[in-house]
Amino acid sequence: MYIFKAGVVGAGFMGAEIAQVISFSGLPVVVKDIDPAMLRKAEDHIRQIYQSRVDKGKMTAGELRDKMDLIEFTLDYDSFADADFIIEAVPERMDLKVRVFQELAQVAPETAIFASNTSALSISEMGYKAGRPERTIGLHFFSPAHVMKLVEVIPGLDTAQDVIDDTVQFAESLRKIPVVVKECPGFLVNRLLAPYLGEAMFALQEGAATATEIDEAMVEFGMPMGPFTLLDFMGLDVSAHAGEYMASEYGPRFQPPEILKRLVAMGRYGEKTGAGFYGYGEQTDEPVKQVLAEIQARGIPRGEFSVERLIFPMINEAALIAQENIASIPDIDMAMIAGTGMTYHGERMGPLAIADEYGLDVVLAGLERMLREPWGGERFRPAQFLKTKVRAGHLGKKTGRGFHEHLNL
Ligand SMILES: NC(=O)c1ccc[n+]([C@@H]2O[C@H](COP(=O)([O-])OP(=O)(O)OC[C@H]3O[C@@H](n4cnc5c(N)ncnc54)[C@H](O)[C@@H]3O)[C@@H](O)[C@H]2O)c1
């Protein structure tokens, strides 16, 4: 399907960013909100993104005007009558998203694709409830969308194959890297980040290391920023909400650590409130230390910190994702590279390629040890796929074959 015009519903932070990305690709886009103030804010935000390109000499003032002219801001659905691809970015509530899709179905062409930018909600449920399951799909952008290359394409159970293909093509036309992910809570990147961030917080909570020590170790390992810097950036309220949702779907393996809930209850939401795991500006991290001391005084087992404690559970989750056919092995690694910027020994590498470097037997032994530790337990239980790989002698680079093939051996 050729896409002549796109639509975005919800002109908050994500909606504005997505509209900028679409206009930048040269496609007209109509943006709708229910709040005129949000539309004005979105317009300013998009203009600022373009203005910074002008300031850097990457674009002329005339080109800025041309791009802005491609965007129509509106409070009604009239201009959606000829929109072929519509993305909703309204707040994360199923009833709201379903209502938007139902309203759109009254005005949009029958062939239009309805995409949701949801971070977690079920696409299958959304499509079913809105009554257009075969033409509904997930298109999950990462924040800030005008910078981040990765988009997750999430077909629901009943999404038509041509809709999947058109969505991948549309994402490519926006100069993004689309990865098709079978529907599961957290999709791909957030599901893999959850155990990694969780172990960082457990290690902190158990007094194994400070937030700064853990952040420094992970940056040295090859992450673009440490886990606590990332948590403060993403928002602890958002992470706690996502953590509870993941735990409700996957069970205790994803149970968020107490420290996260405590900091949220104190209103420490991260950078946006001037305080999270770290203090910003006037604020310090003294209150965090007090809460940690309180938790540790209850006599919880003292944990250990190592980069492997954070990375091996991420590898294990990636093995589970491969085992469940959520995504292919190359796609898992590519998504993590594009979505997080992770590297290993100076090379862009995703978790399964990193496992091949360590040796799958080493990863398995590490997980089995942490499974038995007093501070560890069930959340370290190795994936069956990882065990089978080791039993088959697919140990990684050293045997020429692990999660990937290594032909030069
Ligand atoms: N913020 C992120 O980092 C991020 C990243 C990926 C995905 N998402 C997802 O994107 C979606 C939007 O997130 P956000 O952070 O931009 O939210 P936001 O609260 O900043 O914006 C939501 C916008 O939707 C508008 N809105 C509410 N009801 C509406 C309706 N019926 N019709 C039209 N507009 C309506 C609101 O006025 C607001 O402008 C959520 O599903 C979120 O989970 C967010």
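Start with helix 7, residues 189-205, and helix 14, residues 329-340: their axes come within 10 Å and cross at roughly 75°. Angles of 65 to 115 degrees count as roughly perpendicular, so helix 7 is roughly perpendicular to helix 14. Keep in mind that this is a predicted model.

Which residues make the contact? From helix 7 there are Val189, Leu192 and Leu193, and from helix 14 there are Ile332, Ala335, Met336 and Thr340. Sorted by class, that contact of helix 7 with helix 14 has six nonpolar residues, one polar residue and no charged ones.

For Met14, a polar backbone atom is 2.9 Å from an oxygen atom of the ligand. For Phe13, a backbone N or O atom lies 3.3 Å from a ligand oxygen. For Val90, the distance from a polar backbone atom to an oxygen atom of the ligand is 3.4 Å.

How much of the ligand does the protein cover? On its own, the ligand has 840 Å² of accessible area, and the protein covers 77% of that.

Strand 6 brings me to the loops. Pro144 is in the loop between strand 6 and strand 7, the latter being residues 150-155. Is the peptide bond from Ser143 to Pro144 cis or trans? That bond is cis, with omega near -5°.

The last stop is Arg175, in the loop between helix 6 (161-173) and strand 8 (177-180). Arg175 is not a glycine, yet it has a positive phi of about 65°.

That's the tour; I'll take questions.

Key. Residues are numbered from 1 along each chain as its sequence is written. This is a predicted model: local features need pLDDT of at least 70, side-chain atom pairs count only at pLDDT 80 or more; totals for chains, interfaces and linings use all residues. Side-chain values use heavy atoms; hydrogens and water are left out. Axes are lines fitted to C-alpha atoms, for helices over the stretch in contact, and angles run from 0 to 180 degrees between N-to-C directions. Helices (H or I, at least four residues) and strands (E, at least two) are DSSP runs, numbered from the N terminus. Angles under 35 degrees count as roughly parallel, over 145 as roughly antiparallel, 65 to 115 as roughly perpendicular and the rest as oblique. Contact means heavy atoms within 4.5 Å. Ala, Val, Leu, Ile, Met, Phe, Trp, Tyr, Cys and Pro count as nonpolar, Asp, Glu, Lys and Arg as charged, and the others, Gly among them, as polar. A polar contact is a pair of N or O atoms within 3.5 Å; within protein, one must be able to donate a hydrogen and the other to accept it, and residues adjacent in sequence count only if both atoms are side-chain atoms. Accessible areas come from the Shrake-Rupley method with a 1.4 Å probe; for residues, only the protein chains shown count as cover.
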